[in-house]
Amino acid sequence: MISKEKREELKRRSLALLKKAGIVITEEEYKNMEVVELGLGIPEMIGVQIVVYENNDRYCAKELIMLPRQTCPEHKHPPLSPSNPGKQETFRCRYGEVYLYVPGEPVKNPKAVLKARKEYFTVWNEIILKPGQQYTLPPDTLHWFQAGDEGAIVSEFSSTSSDETDVFTDPDIRRV
């Protein structure tokens, strides 16, 4: 668990990135910005900040704000029922550069730089997203991503999000 001061610092830094990108959020959205630290205590390395615009029984829209080289760890969105195959999501880069990794042919020289828990990153097919580019992930697909040196903002459009059901490769991660 991180301190309240650290949480507020990460939110302030995220707001500065949003402003740099020209993305406006309301005071209420800032207040409700989630600092996802995943129980590891190293949110600047492994974590993400999230602003949820809408999450209902049909769709979800969010901003994923990532500080320079911040990494969202490897995970997937599994089936939730026979009629629900799991979350499908589209990532659209709005600012910076994001390195997205999915199953497939591993890249020889990945752009991502991992400084912690490398053993829990197993898919290395690299997709580089720059502003205006997007990629759609089918449900139940292992993936992870990292911001480039300037940080990144990624708009996520998906089916309903139930983050508590995400399955992480790293057994120590807790997503609540």
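Start your tour at Glu89: with a relative accessibility of 3%, Glu89 counts as buried (buried is under 20% relative accessible area, exposed over 50%, partly exposed in between, with a 1.4 Å probe and protein chains only). Before you click on, note that this is a predicted model, where local features need pLDDT of at least 70, side-chain atom pairs count only at pLDDT 80 or more, and totals for chains, interfaces and linings use all residues. Residues are numbered from 1 along each chain as its sequence is written, and side-chain values use heavy atoms, with hydrogens and water left out.

**Stop 1: around Glu89**

Glu89 sits in strand 5; strands here are DSSP runs of E with at least two residues, helices are runs of H or I with at least four, and both are numbered from the N terminus. Show side chains and draw a line from Glu89 to Lys87: a polar contact of 3.4 Å joins the two side chains. (A polar contact is a pair of N or O atoms within 3.5 Å; within protein, one must be able to donate a hydrogen and the other to accept it, and residues adjacent in sequence count only if both atoms are side-chain atoms.) Leaving out residues up to four places away in sequence, Glu89 touches His77, Tyr135, Thr136, Leu137, His143, Glu156, Phe157 and Ser158, where contact means heavy atoms within 4.5 Å.

Now step back to Gly86, in the loop between strand 4 (71-76) and strand 5. Gly86 is buried too, at 7% relative accessible area. Beyond four places in sequence, the contacts of Gly86 are His77, Pro78, Pro79, Leu80, Pro139 and Ser159.

**Stop 2: the nonpolar cores**

Select Leu64, Met66, Phe91, Val98 and Phe145: these have the most contacts inside the largest nonpolar core, which has 24 residues. (Such a core is a set of buried Ala, Val, Leu, Ile, Met, Phe, Trp, Tyr and Cys residues joined through side-chain atoms within 4.5 Å.) Strand 2 (48-55), strand 3 (60-66), strand 5 (89-102), strand 6 (125-129) and strand 8 (143-158) each give two or more residues to this core. Strand 5 supplies the largest share, five residues. In soluble globular proteins, nonpolar side chains tend to be buried together.

Zoom in on Met66. Setting aside residues up to four places away in sequence, its contacts include Leu17, Val48, Cys72, Val98, Phe145 and Ala152. Then look for the second, separate core of 14 residues, which includes Ile25, Ile65, Leu67 and Tyr95.

**Stop 3**

How many of the seven residues of strand 3 are buried? Seven of the seven, so strand 3 is largely enclosed by the rest of the structure. In a regular strand the side chains alternate between the two faces of the sheet. Colour Cys60, Lys62, Leu64 and Met66 for one side of strand 3, and Ala61, Glu63 and Ile65 for the other; all are buried, and both faces are covered.

Strands 2 and 3 run antiparallel and are joined by six bridges (two strands pair if DSSP finds at least two bridges between them). A hairpin of four residues connects strand 2 to strand 3, and you can pick out Glu54 with its bridge partner Ala61 in strand 3. Strand 3 also runs antiparallel to strand 8, with seven bridges joining them; there, Leu64 has Val154 as its bridge partner.

**Stop 4: the rings**

Show the aromatics: the whole structure holds five aromatic pairs. (Rings of Phe, Tyr and Trp, its six-membered ring, pair if their centres lie within 6.5 Å; planes under 30 degrees apart count as stacked, over 60 as edge-to-face and the rest as tilted.) Phe91 and Phe145 have ring centres 5.0 Å apart and planes at 55°, so this pair is tilted. Phe91 is in strand 5 and Phe145 in strand 8, so the pair ties together parts 54 residues apart in sequence.

Move to Tyr101 and Trp144, with ring centres 4.3 Å apart and planes at 15°, so this pair is stacked. Tyr101 is at 0% relative accessibility and counts as buried, and Trp144 is also buried at 0%. Ring pairs link Tyr101, Phe121, Trp124 and Trp144 into a cluster.

**Last stop: two backbone angles**

Check phi of Leu38, near 65°, a positive value in a residue other than glycine. Leu38 lies in the loop between strand 1 (34-36) and strand 2. Finish at Arg117, in the loop between strand 5 and strand 6, where phi is near 55°, also positive. Arg117 counts as partly exposed, at 23% relative accessibility.
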